[in-house]
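Here is a short report on one structure. Look at the model first, then read on.

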Amino acid sequence: MNTIMRKSVLSVAGLAFAGGVFAGPIAAHANPVDAKPAAVAVPSAAPKPQGEQSHIDLNDEQTANVKAIIDATKKAGLPERAAVISIATSLQESKLENLGHLGDANDHDSLGLFQQRPSSGWGTPEQITDPAYSTTAFLKGLKQVDGWQGMPLTDAAQTVQVSAYPDAYAQWEQQATELVAQHWNS
């Protein structure tokens, strides 16, 4: 074989090998005659936190609310990612404080950990200020969001909350993730 032909064959072989390495085992074993896209089940990994992250030190009440959110998430049969989204949402909405009516500072009739509104159908003021109830209500909304497990946290939270500040949830993802890691198995 002459030098030019050998280099050509080696180049094609090298490209084929590299294509198999980079395309993965599915592409390497695909039937070229029936080359249709293959549906592959890929475990959903949580997206990385977006943007600058905020952090606050928690007091005992806030830590108890973290644990209440995690307990409600477990009772709902949902994974840790749901607890991360819930805690990040509560960090944004109330700094994990179970807020009652705030008078003139109140955002309409928003109450509780998630600043849910009785007038919007979230429940009675008594229900909304119960951490287990308010978390369960939030999770019920989250479960109705198609693909929430793999979408950016801020998008999942915003779809449930319908906030005037839709990107604000993202800043709490790191702390929420750390809190879930710390308290999920405790």
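Buried means under 20% relative accessible area, exposed means over 50%, and partly exposed lies in between, using a 1.4 Å probe and protein chains only. The model is predicted, so local features need pLDDT of at least 70 and side-chain atom pairs count only at pLDDT 80 or more, while totals for chains, interfaces and linings use all residues. Residues are numbered from 1 along each chain as its sequence is written, and side-chain values use heavy atoms, without hydrogens and water.

Helices (H or I, at least four residues) are DSSP runs, numbered from the N terminus. Leu96 sits in the loop between α3 (80-94) and α4 (125-128). Gln115 lies in the loop between α3 and α4.

**Helix α2**

Thr73 belongs to helix α2 (residues 60-75). Thr73 is buried, at 0% relative accessible area. Contact means heavy atoms within 4.5 Å. Beyond four places in sequence, Thr73 touches residues including Leu78, Pro79, Thr135 and Trp184.

α2 also packs on helix α7 (residues 173-183), at about 75° with axes 10 Å apart. Axes are lines fitted to C-alpha atoms, for helices over the stretch in contact, and angles run from 0 to 180 degrees between N-to-C directions. The two helices are therefore roughly perpendicular, a term for angles of 65 to 115 degrees. Thr63, Val66, Lys67 and Ile70 of α2 meet Leu179, Val180 and His183 of α7.

Conventions: Angles under 35 degrees count as roughly parallel, over 145 as roughly antiparallel, 65 to 115 as roughly perpendicular and the rest as oblique.
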